Amino acid sequence: MRPTRPRQAVVSVLEGARDRQLSAQDLHRAARRVAPRIGLATVYRALAALESEGAVEVISQEGGEAAYRLCSPGHHHHLVCSGCGAVVEIDECDVDPLARRLARRHRFRIEQHELTLRGRCPACRGGDGKG
Ligand SMILES: [Zn+2]
Ligand SMILES: [Zn+2]
Ligand SMILES: [Zn+2]
């Protein structure tokens with residue numbers, strides 16, 4: 001049996017956590033279950049390759065640590081729960097009119113944009129009865 005390639009290991013971990021964002025450390029820990037000898041540097045390399053192909057999206061965290069998740073193809077945005085890290089993909093995008101306005105004002109040519117909305121998912125809002 002051929003050993004699991006690092007990239008496959010990383011993808012399979014991400015596939016198992018579609019509605020979650022994972023840090024490189026989380027990924028490394030989980031990937032070691034399928035590929036025991038995988039190193040953290042290898043995980044980072046696999047992530048960088050996947051990111052450049054657009055298969056993986058990097059969501060930067062408050063506090064600086066990047067989180068990764070497998071993304072659907074096509075333009076979309078994310079709702080991220082700051083309580084549990086759940087991620088919801090949003091297909092609709094109303095950013096373009098704003099981007100055009102800002103582009104005009106600042107004489108920028110906008111090539112792409114990212115938008116991540118943070119808050120609390122229903123599960124994390126439950127309990128105390130207040131928003
Ligand atoms: Zn996404
Ligand atoms: Zn939550
Ligand atoms: Zn958009």
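## Basis of the description

Donors are taken here as N, O and S atoms within 2.8 Å of the metal (3.2 Å for Na, K and Ca), and water is not among the atoms, so sites may look incomplete. This is a predicted model, in which local features need pLDDT of at least 70 and side-chain atom pairs count only at pLDDT 80 or more, while totals for chains, interfaces and linings use all residues. Residues are numbered from 1 along each chain as its sequence is written, chains are lettered from A and ligands numbered from 1 in the order in which they are written, and side-chain values use heavy atoms, with hydrogens and water left out.

## Zinc ion (ligand 2)

The donor residues of the zinc ion (ligand 2) are spaced C-x2-C-x36-C-x2-C in sequence. Cysteine 84, in the loop between strand 4 (77-81) and strand 5 (87-90), and cysteine 124, in helix 5 (residues 122-125), are 40 residues apart and link distant parts of the chain; helices (H or I, at least four residues) and strands (E, at least two) are DSSP runs, numbered from the N terminus.

The coordinating atoms are Cys81 (SG), Cys84 (SG), Cys121 (SG) and Cys124 (SG), at 2.2 to 2.3 Å. The 4 donor atoms subtend angles of 105 to 112°, which makes the arrangement tetrahedral (four donors with all angles between 85 and 135 degrees).

Histidine 76 is buried, with a relative accessible area of 8%, whereas glutamate 57 counts as partly exposed at 24% relative accessibility (buried means under 20% relative accessible area, exposed over 50%, partly exposed in between, with a 1.4 Å probe and protein chains only).

Definitions and conventions. Four donors count as tetrahedral if all angles lie between 85 and 135 degrees; four count as square planar and six as octahedral if opposite donors are over 155 degrees apart and all others between 65 and 115; anything else is irregular.
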